[in-house]
Amino acid sequence: MEMPPLDSAILARRSEIVAALRAIVPGEGVIDDLDGMRPFECDALSAYRQMPLVVVLPETVAQVAAILRYCQDNKVKVVPRGGGTSLSGGSMPVGDAILLAMGKFNRVLEIDYANRCARVQPGVTNLGVTKAVEHEGFYYAPDPSSQIACSIGGNVAENSGGVHCLKYGLTTNNLLGIEMVLMNGEVVRLGGKHLDSEGYDLLGLMTGSEGLLGVVTEVTVRLLRKPSTARAVLLGFPTEAGAADCVAAVIASGIIPGGMEMMDKDATKCAEAYVGAGYPLDAEGLLIVELDGPPVEVDHLVERVAEIARGRGATTVRVSHDEQERVLFWAGRKAAFPAVGQISPDYMCLDGSVPRGKLVEVLAEMRVLSKQYGLRVVNVFHAGDGNLHPLILFDANDPDELKRCEELGADILRLCVRVGGVLTGEHGVGIEKRDLMGVQFTEIDLDQQMRVKCAFDPDHLLNPGKVFPKLRRCAELGRLVVTQNNIPFPDIPRF
Amino acid sequence: MTSTIKPRDAKELRQAVEWALNEGVPLDVRGEGSKLALGKPMQCGQVLDLSGISGIVDYAPEELVVTLRAGTPMREVEALLAQRNQMLAFEPPDLGPLLGREPGQGTLVGAVMGNLAGSRRLSAGAARDHLLGFSGVNGRGEAFKSGGRVMKNVTGYDLSKVLAGSWGTLAVLDEVSVKVLPAPDQTATLMLMGLDDAAAVRAMCAAMGSPHEVSGAAHLPGRTALRLEGVAPSVEARLKGLRELMVDVGAKMEELGTLESRAFWREVRDVVPLNAAPDENVWKISCPPTEGPAILARIKAQRPAAQAFYDWSGGLIWLALPPSADADHGLVRGALGAAGGHATLIRAAETVRATVPVFQPQSAALVALAARVKESFDPKGLFNPGRMG
């Protein structure tokens with residue numbers, strides 16, 4: 001993974017930059033020794049590591065603003081970081097950039113049950129929000145699997161999802177407002193406790209912008225009342241196609257489950273060996289369908305789902321009878337990644353998203369690719385919304401395997417795009433998928449996105465080297481060549 | 001003199017924009033023109049008519065996605081979805097009659113450009129939440145796309161969000177993919193009779209915070225309506241639960257069945273209660289739900305003749321004020337106070353809209369940022385010049 005060349009002029013000014021940051025953030029908030037910076041050298045895409053120029057941990061919005069203004073004035077790059085759980089290298093440090101770690105912004109500021117929202121600092125963990133309100137029967141809906149550790153600020157940056165997106169939406173559908181600092185040090189508020197934007201929906205634009213547009217300093221999230229019941233149905237099919245058909249049939253029948261997950265035979269075997277959830281080991285395709293809502297509705301829908309599954313040839317149909325059993329059904333799915341970690345020294349988790357109708361085709365082609373590259377691929381995915389998480393098993397100590405793994409991953413993502421899908425459903429582009437952006441987008445598409453970037457960060461100082469395969473200067477992007485051949489286009493109807 | 005250019009496909013659309021760019025001619029971009037009376041009046045003699053780029057491209061009910069061309073009428077989309085028991089969950093309102101036109105006009109893309117939403121905004125989101133992707137032409141005459149047709153997609157910036165609600169000022173779309181959802185089997189409404197505004201909003205917020213999955217909460221003078229949707233046994237059970245929850249409120253309760261409910265909520269959605277006096281200025285105020293009654297009380301203290309009702313559990317106030325040259329914009333926006341929110345002038349005479357800020361004024365930093373975003377799409381200001389003020 002190639003990062004932009006380091007700016008030797010900036011590296012030479014390191015001590016001056018550290019001193020300037022110390023003047024803004026006193027005490028232990030600036031870390032410049034190697035041992036102190038070590039914990040920050042990577043995020044959850046741990047195959048790639050890089051020491052930052054210096055780490056700064058501000059505690060106030062004024063400090064964040066002063067840091068960014070200093071960086072803008074001195075053309076110093078900045079990488080923002082929340083919980084450091086990005087799977088795409090979104091918060092991976094850059095050698096000539098300050099790492100702006102938001103971990104000290106960890107307070108829940110206000111909980112407003114009547115208006116069903118909470119105002120929190122960006123360093124609060126995703127689960128921390130739910131923990132703060134669950135005693136009143138409320139929760140925060142998006143639940144990425146890293147929710148114990150990932151921060152709300154990072155969730156905004158990545159537009160994080162989880163297993164319940166199909167019914168409850170991604171981060172972008174569950175935000176009401178943010179406060180953020182622009183690269184020039186300006187502090188702006190978007191949204192609040194009310195709905196919708198008064199001007200352009202910049203809150204929507206910020207969500208999923210991967211830390212390239214601004215630094216979030218406060219977040220207002222929507223709270224939901226916990227569903228009164230949830231039950232899970234475990235469905236085993238003799239073929240993957242049968243399982244995929246069942247997914248389509250459930251949705252076509254008008255049911256939107258709270259979650260609908262699929263695992264292939266290898267993933268099922270790993271998970272079963274790891275947690276003993278009672279999964280059927282003969283199933284080629286295993287579905288976990290969760291239905292939530294009022295008890296009568298859940299009972300009614302559980303029956304309908306079971307009926308649809310039987311009609312599609314399910315050989316296992318088991319309904320959870322109590323909360324303990326429901327949690328057990330999920331335990332295997334939730335432990336699927338570490339379970340796969342038990343059978344392979346390393347694995348790479350992909351995140352393509354495809355139309356549901358293409359699941360079977362994509363799975364079959366993936367098998368062919370897996371054979372070609374001589375690397376095993378295990379599949380766990382959010383079947384309800386077509387979001388795949390193929391896990392490629394490899395050994396990172398073998399440079400050839402790492403290289404083949406990267407190439408196989410790229411081929412699988414190209415396949416996703418070819419069938420009408422996209423490179424990433426919830427993990428973000430970061431550095432991991434950066435060089436594949438051209439598979440999904442034309443140069444014009446990417447130029448338009450970079451022009452939006454220029455509106456926020458004209459010198460490309462925020463989170464450099466991420467998302468865009470090839471950076472173009474804003475001045476160059478802004479140039480407009482108006483040709484003077486005023487063809488009247490006689491064919492187009494005019495009146 | 002107004003002239004019109006009416007491209008028939010994406011290629012002609014791009015050529016038309018390229019022509020306008022070369023000639024330096026700003027464009028009044030419209031579908032069916034059903035919302036022309038909304039926004040700042042434009043001084044623009046060249047119409048770009050998108051109604052020639054029309055039709056469903058692909059509809060996959062089991063994928064919950066419909067892809068269609070920009071000029072496709074909303075009525076066509078809704079009829080198509082109804083055949084498969086699906087719907088646009090954001091419940092787009094038909095503002096035609098409110099704006100002095102016939103009902104049933106307008107395009108889906110027009111609703112997206114206004115980021116419209118009905119009562120289900122609370123539980124299902126607005127148009128922004130349902131636009132999965134688009135293709136179109138920017139103000140440089142370049143064809144570009146963003147998003148896609150899949151449910152989960154974080155590849156690149158989510159330009160769909162910033163296009164939704166941009167009133168056609170950033171780019172001209174030729175095709176969109178929109179998420180659709182199953183339509184509910186049954187609808188029921190619990191009516192609480194005779195509550196004042198404050199008590200009504202308290203009741204609505206309690207209902208929204210209950211596990212009964214209320215999908216609409218509106219308060220009209222004397223009537224507070226709570227909507228439940230879903231499969232029959234579920235609606236029945238939740239209705240019972242909601243009734244029990246509301247006993248403490250002490251209001252007389254009535255129920256509406258599916259058909260009556262649909263008619264009632266359609267009227268709320270389309271702002272029918274304020275249609276009667278066409279010369280009154282109509283405002284849409286978005287605020288924190290619990291602040292709604294205080295905001296309206298501050299306005300009514302100055303304008304006792306104001307007519308109003310609430311949707312979105314109190315977070316949306318539809319307000320009609322007697323005719324005035326400045327639409328009382330200082331009063332309305334001043335009434336928002338510190339709690340935050342915004343007020344949009346939805347209906348007013350052209351002369352009023354020409355002088356009054358139709359959209360909520362923003363801070364200097366946000367105005368500058370929005371201008372830079374606009375420039376990033378449309379550097380020469382070709383599209384709907386001045387429409388958003």
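A residue is buried if 20 or more other C-beta atoms lie within 10 Å of its own, exposed if 12 or fewer, and partly exposed in between, with C-beta atoms placed from the backbone. The model is predicted: local features need pLDDT of at least 70, side-chain atom pairs count only at pLDDT 80 or more, and totals for chains, interfaces and linings use all residues. Residues are numbered from 1 along each chain as its sequence is written, while chains are lettered from A and ligands numbered from 1 in the order in which they are written.

**Exercise 1. Positive phi**

Task: Locate Ser313(B) and decide whether Ser313(B) is buried or exposed.

Solution. Start with the backbone. Ser313(B) is not a glycine, yet its phi is positive, about 60 degrees. Most residues other than glycine have a negative phi. Next, the place: Ser313(B) sits in the loop between β16 (307–311) and β17 (316–321) of chain B. Helices (H or I, at least four residues) and strands (E, at least two) are DSSP runs, numbered from the N terminus. Last, the count. Ser313(B) has 31 other C-beta atoms within 10 Å, so Ser313(B) is buried.

Task: Repeat the steps for Val467(A).

Solution. Phi of Val467(A) is near 70 degrees, again positive in a residue other than glycine. Val467(A) lies in the loop between α17 (443–456) and α18 (474–478) of chain A. With 27 other C-beta atoms within 10 Å, Val467(A) is buried.

**Exercise 2. Helix packing**

Task: Describe how α9(B) packs on α10(B).

Solution. Take the geometry. Helix α9 (residues 292–302) and helix α10 (residues 329–336) of chain B pack at about 150 degrees, with axes 8 Å apart. Axes are lines fitted to C-alpha atoms, for helices over the stretch in contact, and angles run from 0 to 180 degrees between N-to-C directions. Now classify. Angles under 35 degrees count as roughly parallel, over 145 as roughly antiparallel, 65 to 115 as roughly perpendicular and the rest as oblique. α9(B) and α10(B) are therefore roughly antiparallel to each other. Then list the contact (C-beta atoms, placed from the backbone, within 7 Å). α9(B) gives Ile295(B), Arg298(B), Ile299(B) and Gln302(B), and α10(B) gives Leu331(B), Val332(B), Ala335(B) and Leu336(B). By class, this contact has six nonpolar, one polar and one charged residues. Ala, Val, Leu, Ile, Met, Phe, Trp, Tyr, Cys and Pro count as nonpolar, Asp, Glu, Lys and Arg as charged, and the others, Gly among them, as polar.

Solution. Glu240(A), Ala241(A) and Ala244(A) of α9(A) meet Leu359(A), Val360(A) and Leu363(A) of α14(A). The class count is five nonpolar, no polar and one charged residues.

**Exercise 3. Chains and interface**

Task: State the secondary structure and burial of each chain.

Solution. Chain A has 18 helices and 18 strands. Of its 495 residues, 55% count as buried. Chain B has twelve helices and 18 strands. Of the 389 residues in chain B, 57% are buried.

Task: How many residues of chain B are in contact with chain A, and of which classes?

Solution. Count: 85 residues of chain B are in contact with 85 residues of chain A. Elements giving two or more residues to this side of chain B include α1 (10–23), α7 (232–246) and α12 (364–377). By class, that side has 37 nonpolar, 30 polar and 18 charged residues.

How values were computed. Contact = placed C-beta atoms within 7 Å.
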